[in-house]
Amino acid sequence: MSSIQLVAGNSNRPLAEAIAAHLNQPLTVCQVRRFADMEIFVEIQENVRGRDVFVVQSTSFPTNDHLMELLIMIDALRRSSARRITAVVPYFGYARQDRRASGRTPISAKLVANMITQAGADRVLTLDLHAGQIQGFFDIPTDNLFAAPVMVRDVQERMDTNNVMVVSPDVGGVVRARALARRIDAPLAIVDKRRERPGESEVMNIIGDVTGRSCILVDDIVDSGGTLCNAADALLEKGAKEVYAYITHGVLSGGAVARIAGSRLKELVITDSIQPTEAVRVAKNIRVISIGSLIGDAIARTAHEESVSSLFD
Ligand code: R5P
């Protein structure tokens, strides 16, 4: 590990520390702070010349600040002659506009990929991208890790998997949900949301029989919590015994935590790809599991030029 160097921005210091502890490698001393006018000031305070540097920074809220910190840190490392710079972005923000779904819209995910590359990153290591094809927006090697093994371990430790039904909250999430269902050998159901006519409210149909089942909703992002809470209600109305959710990125904006606390969801399990707020930490039906070891293992394998994909075999 001696030639690797871990650098952390301000977005998720506890996760960076967990990764550092897993790798038994201290975080590089650096300053990432603000000028009086809130511009970002960066100074790497250790020699990184010729080193294999991993910059840990989720582009979570406040997204623009954290993205800019990441870009400036990469610039500082490039100008300091780091041998290789890997942007470790556990939560890749700006991923939801990933195609021109309608006229006069951007492809923000591609723009952000260009910015990270132009700043000087040589590789990207990320987790449960909103859409797998975002990897192709980078013209540098990009590893998209999956939280599934960490979630599967948690499910197997806590639930009777014989009565579990894995559920995708929308048609777009089927591949992700199926991957988890396969790992725990459980059947799959799908929430099919439809607006029959413009102006009418959405109808939720459940594809699959959830009667008497412990349902596990699987998704990449929980933001307002609307998708999740509506899906939980629909499943309970169709006879599900109870509903849990395993979601990689707990964006949890605005009143999401209160909404989930007041919902019929038995428990929401998220990872620490985004640093949990105090409200999340004290919420009775939200639990955080760590992906620090998984990311640490992926960093070690990258540094040793070993397979990263075999982490998921
Ligand atoms: C949608 O494609 C995503 O996978 C999530 O389902 C969505 O971003 C969740 O958003 P919210 O919590 O605001 O309903």
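Visitor: Why is the pairing of Arg96 with Asp223 called a salt bridge?

Guide: In this predicted model, the closest N and O atoms of Arg96 and Asp223 are 2.8 Å apart. The cut-off is 4 Å between a side-chain nitrogen of Lys or Arg and a carboxyl oxygen of Asp or Glu, so the term applies. Side chains of opposite charge can pair when their charged atoms come close.

Visitor: How many salt bridges are counted between domain 1 and domain 2?

Guide: The count between the two domains is one salt bridge. Polar contacts across the interface of domain 1 and domain 2 number nine residue pairs.

Visitor: Which residues make up domain 1 and domain 2?

Guide: Domain 1 consists of 4-145 + 293-308, and domain 2 of 148-290. Their C-alpha centres lie 28 Å apart.

Visitor: What makes these domains partners in a contact, and how many residues does each supply?

Guide: The criterion is heavy atoms within 4.5 Å. Domain 1 contributes 15 residues to the contact and domain 2 contributes 13 residues. On the side of domain 1, helix α1 (residues 13-23) provides the largest share, three residues. That side divides into seven nonpolar, five polar and three charged residues.

Visitor: What is the area buried between domain 1 and domain 2?

Guide: It is about 1,200 Å², with carbon and sulfur atoms giving 52%. In domain 1, Tyr91, Arg96 and Asp128 lose the most area to domain 2, and together they account for 40% of what that side buries.

Visitor: Why is the chain described as being as compact as a globular protein of its length?

Guide: The chain holds nine helices and 14 strands. Its radius of gyration is 20 Å, close to the 20 Å that the globule rule gives for 313 residues, and the description therefore holds. Along its principal axes, the C-alpha trace spans about 60 × 45 × 35 Å.

Visitor: What makes Arg34 and Asp65 a salt bridge?

Guide: The closest N and O atoms of Arg34 and Asp65 are 3.9 Å apart, and the limit is 4 Å, so the pair qualifies. A search of the whole structure finds 21 salt bridges. Arg34 lies in strand β2 (residues 30-34) and Asp65 in helix α2 (residues 63-79), so the pair ties together parts that are 31 residues apart in sequence.

Visitor: What is omega for the peptide bond that joins Phe61 and Pro62, and is that bond cis or trans?

Guide: Omega is about -5°, and the bond is cis. Pro62 is found in the loop between β4 (52-56) and α2.

Key. Residues are numbered from 1 along each chain as its sequence is written. This is a predicted model: local features need pLDDT of at least 70, side-chain atom pairs count only at pLDDT 80 or more; totals for chains, interfaces and linings use all residues. Side-chain values use heavy atoms; hydrogens and water are left out. Domain bounds come from an automatic or database domain assignment. Buried area is the accessible area (1.4 Å probe) that two parts lose on being put together, summed over both. A polar contact is a pair of N or O atoms within 3.5 Å; within protein, one must be able to donate a hydrogen and the other to accept it, and residues adjacent in sequence count only if both atoms are side-chain atoms. Helices (H or I, at least four residues) and strands (E, at least two) are DSSP runs, numbered from the N terminus. Ala, Val, Leu, Ile, Met, Phe, Trp, Tyr, Cys and Pro count as nonpolar, Asp, Glu, Lys and Arg as charged, and the others, Gly among them, as polar. The radius of gyration is taken over C-alpha atoms; the globule rule is 2.2 Å times the number of residues to the power 0.38.
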